[in-house]
Amino acid sequence: MSTTNRLGELLVREKLISLQQLRQAQDEQKRSGKNLGYALAKLGYISDGEITNFLSSQYRLPAINLDEYEIEAEIIKLVGREVCEKHKIIPVSRSGSSLIVGMADPTNLHAIDDIKFLTGFNVEPVVASETAILGAIERYYNVGPSYDEVLEDFDIGDEDIDFGSDSDDVNVMELERASEDAPVVRLVNVLLLNAIRKGASDIHIEPYEKRLRVRYRVDGVLSEEMSPPIKLKNALVSRIKIMSALDIAERRLPQDGRIKLKLGKGREMDFRVSVLPTMWGEKVVMRLLDKGNLQLDMTKLGFDKGPLEDFAWAINQPWGMVLVTGPTGSGKTTTLYSALSDLNQPGVNISTAEDPVEYNLHGINQVQTHDDIGFNFAMALRAFLRQDPDIIMVGEIRDFETAEISVKAALTGHLVLSTLHTNDAPATISRLLNMGVEPFLITASVNLVLAQRLARRVCMDCKRDVPVDPQVLLDLGCTPEQAAVGKITKGQGCGNCNSSGYKGRVALYEVMRFHDDLKEMVLQGASTAELKTAAIKRGMLSLRMSGITKVLEGVTTPEEILRVTMAD
């Protein structure tokens with residue numbers, strides 16, 4: 001019998017969960033690919049800590065919280081990562097001739113025999129949750145060299161010559177030599193790999209007068225990662241430029257490039273590189289694009305049932321426009337790619353114009369625009385219309401010309417998907433009007449407008465129910481009935497979430513289906529506020545309402561919703 005089945009049966013037998021809850025958790029486990037404890041915790045049936053305490057009393061063995069325990073490097077070296085992953089164990093400490101080992105299943109005699117054979121120590125099991133063990137394996141076995149270790153390789157003193165100067169007179173050969181020094185190469189590699197491990201979406205390398213700062217954006221929030229010596233700024237930037245095939249001699253103009261890393265097991269990671277000249281040197285921002293981690297299942301993006309049905313209806317219409325709106329980094333591209341993935345069938349011709357193409361989708365004709373040679377969205381759209389398209393995706397409607405061609409394409413039998421930068425769904429209509437698109441063309445072409453934001457999720461490993469003042473929920477926009485619940489979920493901070501209490505993000509959606517009465521209001525010159533009021537009366541959930549739902553479900557916190565949404 002597997003560990004998972006044994007754990008499930010024990011929990012049901014002791015009436016800690018019902019058989020139906022176990023079945024639902026097993027279904028969630030199959031969907032997510034995670035362990036049973038994670039699935040049970042996600043569904044709110046039982047926490048990881050409760051499972052650990054239960055197993056501890058069941059087997060009369062001590063329990064250990066790995067998030068609060070620091071394991072020494074010498075102990076970790078005693079057992080290989082493969083063995084730990086295979087048996088769901090981790091070595092914790094040594095006591096004489098005994099090795100204390102954290103185990104998800106202390107009755108696993110094969111694991112105990114393997115560790116005895118490999119290490120020569122007697123094994124003393126202690127109970128730890130499977131989620132905590134897997135997190136600890138990732139934490140302790142994935143560690144590359146620290147920044148301090150890398151920086152020790154540099155011989156940096158006050159008398160050292162800086163790599164290049166901030167003047168226009170640049171010694172290119174010197175820059176190339178400096179950027180290829182082994183310590184510089186190692187430092188850049190550590191910066192890139194640590195960003196991947198921490199799940200960062202962007203890396204910022206920022207020069208100032210007397211310091212160099214590196215920041216990672218994790219789950220939408222920037223935090224400082226390290227501060228390398230200022231003398232390394234030109235060498236670091238030159239190394240990144242060489243990796244992304246940019247001109248290291250040009251330091252007065254912005255440049256854009258791309259780095260592709262292969263991480264083994266077929267996983268690829270792209271870094272979109274942007275270099276910008278600033279007062280104290282070149283600032284580099286790298287956007288991480290994880291091709292293997294693109295979530296294209298719309299049911300898992302954060303849609304509630306009603307809005308998802310409206311969105312699915314709109315993208316399955318034979319013609320018309322579906323517009324996705326929100327600020328940079330709010331997940332618009334992911335939503336559009338999810339829609340295209342859903343629509344991608346052998347009998348359909350799909351073309352996209354993007355700047356840049358972020359992910360490659362098999363079976364879809366993706367075009368990269370180049371503004372510098374005049375190949376913009378409008379020109380790409382015109383070309384698409386001569387390519388017998390069924391569905392067209394335009395990266396962004398930025399000007400009247402692109403808007404006009406998109407509307408005409410939607411009116412001539414094509415489904416058009418695109419994005420705009422507006423604050424909410426009703427404001428999108430005003431934006432099109434301000435661009436110069438006639439009201440009757442908007443009402444005839446637009447099927448649906450979707451506004452979205454990304455809020456950080458509460459960490460599954462350390463989340464706890466905490467009491468809250470009902471006034472806080474009322475101020476957020478909850479009804480008195482919702483505020484009476486008096487409880488919300490917050491992360492306490494653990495190793496899995498870098499002590500932030502948040503891990504991952506969930507999308508909030510405001511879906512405005514363009515009904516006939518809303519179209520009539522646009523023709524009569526209604527304001528954005530009037531459109532929003534009418535849409536909410538028709539059942540539209542605003543971004544704030546969507547956020548409140550996620551707070552009450554224990555997915556995120558009131559602070560996050562206040563951060564990413566405006567009051568209605």
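1. Helices (H or I, at least four residues) and strands (E, at least two) are DSSP runs, numbered from the N terminus.

2. This is a predicted model: local features need pLDDT of at least 70, side-chain atom pairs count only at pLDDT 80 or more, and totals for chains, interfaces and linings use all residues. Residues are numbered from 1 along each chain as its sequence is written, and side-chain values use heavy atoms, with hydrogens and water left out.

3. H11 covers residues 182-197, 16 residues in all. At 1.5 Å a residue it should span 22 Å, and its end C-alpha atoms are 22 Å apart, which agrees. The expected span is 1.5 Å times one less than the number of residues.

4. Buried residues of H11 include Pro183, Val184, Leu187, Leu191, Asn194 and Ile196. Buried means under 20% relative accessible area, exposed over 50%, partly exposed in between (1.4 Å probe, protein chains only).

5. Most residues other than glycine have a negative phi, and most peptide bonds are trans. The next points concern exceptions.

6. Arg60 has a positive phi, near 55°. Arg60 sits in the loop between helix H4 (48-59) and helix H5 (73-76). Its relative accessible area is 75%, so Arg60 is exposed.

7. Ala245 is not a glycine, yet its phi is positive, about 60°. Ala245 lies in the loop between helix H12 (233-243) and strand E7 (255-262). Ala245 counts as exposed, at 70% relative accessibility.

8. The Asp355 to Pro356 peptide bond is cis, with omega near 0°. Pro356 belongs to the loop between strand E11 (350-354) and strand E12 (365-368).
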